[in-house]
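Morning, everyone. Have the viewer open, please, and follow along.

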Amino acid sequence: MTALKNNKRTFPLIGAIIVFVLSFSVLYLGDNIGLSDNGDFRRVLLVNNLEYADETDYYYLFKQDYKMKIEGDSFWEKISYICETNEEEEIYSSPHFIIIKASKVMNFIVNTILVKDETEYNIAYLAFIYILMLSMAAWGIFTFFADEALKLRIAVFCLFIFMFCDTGYLLYFNSFYGEPLQYVALMLLIALGLLIYKRPTIPKIASFFVSLYFFAGAKLANVPYSVIVSLMALSFVFLRQDRRYRIGIGICVICAAVCIGKLYASIPDWMHNDTTYQSVFFGAVKESETPEKDLKQLGIDEKYLPLVNTHAYMDEGEYKIDITTPEFQQDFYDKVSKMKVAFFYLRHPIRFVKKIAFSVENSSSLRPLNSGTSETVLMSYSNRYSAWSNLRVAMKLLYNPYIVFAMAILMTIYVVIVHIYLVRSKKQTPGKQFYLIMAMYVLLVGLLINMCLPILGNGEADIMKHMFLFANCMDVLFAGIIIGIVNMHRRNRVVSVSALIMLVIGLQIESPKETVEFGVYNGKPVKWEIMCRYADGSVELVTEDCVTERVFDDENNMWETSDLRTWLNSDFINEFTMEDLAKIAPQRNEVMLTYNDRGLAVSGDHTHYWSATRNEVNDLSETAYKYYVDDIIYIPTLGMMKDMSASRAYWVLCPYGYNDRMQRYMNGDGFILHTNVDNIYGVRAAVRIKME
């Protein structure tokens, strides 16, 4: 009996240690990796008296080292100052700052012991806290399953290691984003929820509500969902009958409600204003065919029609109307609310479904694709321990809008059926039955809220990062499905796995593209895919695969003068026959311009917006700064992206709009990203020819 108990204790402990060691290895075994700033770090740094040790390219390179501002004479005076918040900045309350201050104290103590510069701040100490919290969550989950059959324990352990220690999650630990705290707090909530079900105690329940507070404050958009969780957590009352236990739960719920309410009340006006602006102009009415009618329904004056399709973080010169005036405050911010946007979508359900589909598609990547992960290579993406990140994209299952909508419907039906089953079942006590029902509804409501809330609350701006929680919840759901399959009878397990495999295989099927051979390169005929047929009988072709790998240019992202364009129109076609060259028809290509090069634009009134998915990469390009270039041989354009395959990374004919040295490229996973022009990527040539 003693050996059995020790075995039950050993499995969770060893599992948690493995999670801890693996997480550190992923981030620090080799070149250190993390996430670069996309603009969100600044307010966190200012509030916590931190600054960059080196600001060079901080938007595109992961930064390990920072500087702390320290004042005071004695050791404890300095510790006290480190824990202070910079009240000169317009801030909001967040438990995220508690974690950052704790990491500052750890840095300071180590610096003092090692006699180093006391102002040095290494973000690894912040990552250490997150890794420790994730390991605690792993211990709790493994402890819950310690009594189960060996196959189930192995399945839970492997799933946690494979899915939830993936780089897509861990990269956030080396950053000042709120997502890592949100992630570890959610995993702690799951672990504590399981342990409470197994053996409810006041300390566990108090820890649950503390984790809920950290979850709510990590990203203030989590507040609505946290309120729902706290209300549903009242089901804890039915797990035990004693009075002291129930009074303790009541106190915890009241404290949680007060603390979460204070979090919401602390949101500054500028944050409300920015998100409301984007939920309207870069969300509800974006790309609308009837913007005048839409603005009227939202109660907005038609004179603000020129702001449609703009977001809150553009350069002041790109707005046709000054949005900083008291008049705009009175006409827009004082009249429009998120509730009005929600009612607007109720009147336009088809539009809302399309927006949700866009959001779901952007949830397929766990990591933010506009943040670099390397300390040395601009906008480089680490592939270290990222099997799950890559698989969840390659399966085309967890982010396909139609599949997700179908899963949402099936999940709702399933929860209702299980609800009925649990009510009729006599296997569980009524208290545990009610708790299980509430737990399922919490997960279901979480999925639905986090699928819809980003669009409602912030429009399409920075949508990939805002869908992180939805992606996390989907992974939890998917892990639960796999655990359920493992626990099935053998025949049911075979049927379920076969159905899942067939679904994934079905999603991979694509109609083959028509190909032709044209020209010669390196002594071999070049095979091309037909992308478009024109009315004059000519066709647009793109090489079936990359013909080589090259830099785009050594200096800037101007296509007309780039080294890549020169090479394509000289060395690449050097072996083409005169007959081949005679078939080539010049193609006038539309080329986007960066903000700094907007003076060359022949049309457009804004920088081309950043979007990583193939369906939206050409979004609002018609009104972006552009000029035209007559090409012979060129590279794939934005208009081709929907139909382009993505076997490996290759350059795309579009500069990154906010940096003169960055160019867009199609990544091997199908996302269109950006990187420095002197990095080496594949080249797929494009040409328009006259067919016989």
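First, a convention: helices (H or I, at least four residues) and strands (E, at least two) are DSSP runs, numbered from the N terminus. This is a predicted model, so local features need pLDDT of at least 70, side-chain atom pairs count only at pLDDT 80 or more, and totals for chains, interfaces and linings use all residues. Residues are numbered from 1 along each chain as its sequence is written, and side-chain values use heavy atoms, with hydrogens and water left out.

Start with the sheet. It is open, with 3 strands in the order β1-β2-β3 and antiparallel pairing. Pairing here takes at least two DSSP bridges between two strands. β1 (50-52) and β3 (120-122) are the edge strands, each pairing on one side only. From one strand to the next, the twist averages 40°. Look at β1 and β2 (residues 65-68): 3 bridges, antiparallel. Which residue in β2 is the bridge partner of Glu51? Lys67.

Now the helix on the sheet. α4 lies across β1, β2 and β3, at about 120° to β3. Axes are lines fitted to C-alpha atoms, for helices over the stretch in contact (heavy atoms within 4.5 Å). Angles run from 0 to 180 degrees between N-to-C directions.

Last, the surface. Phe75, Trp76, Ile109, Ile113 and Leu114 make a nonpolar patch of about 550 Å². α3 (75-82) and α4 (96-113) each supply at least two of the patch residues. Take Ile109, in helix α4. Buried or partly exposed? Ile109 is partly exposed, at 33% relative accessible area; that class runs between buried, under 20%, and exposed, over 50%, with a 1.4 Å probe and protein chains only. Patch residues need over 30% and no salt bridge, and nonpolar side chains (Val, Leu, Ile, Met, Phe, Trp, Tyr) are joined within 5 Å. A salt bridge puts a side-chain nitrogen of Lys or Arg within 4 Å of a carboxyl oxygen of Asp or Glu. Areas are Shrake-Rupley, with a 1.4 Å probe.

Key: Patches are made of residues with over 30% relative accessible area and no salt bridge: like charges are joined within 9 Å, nonpolar side chains (Val, Leu, Ile, Met, Phe, Trp, Tyr) within 5 Å.
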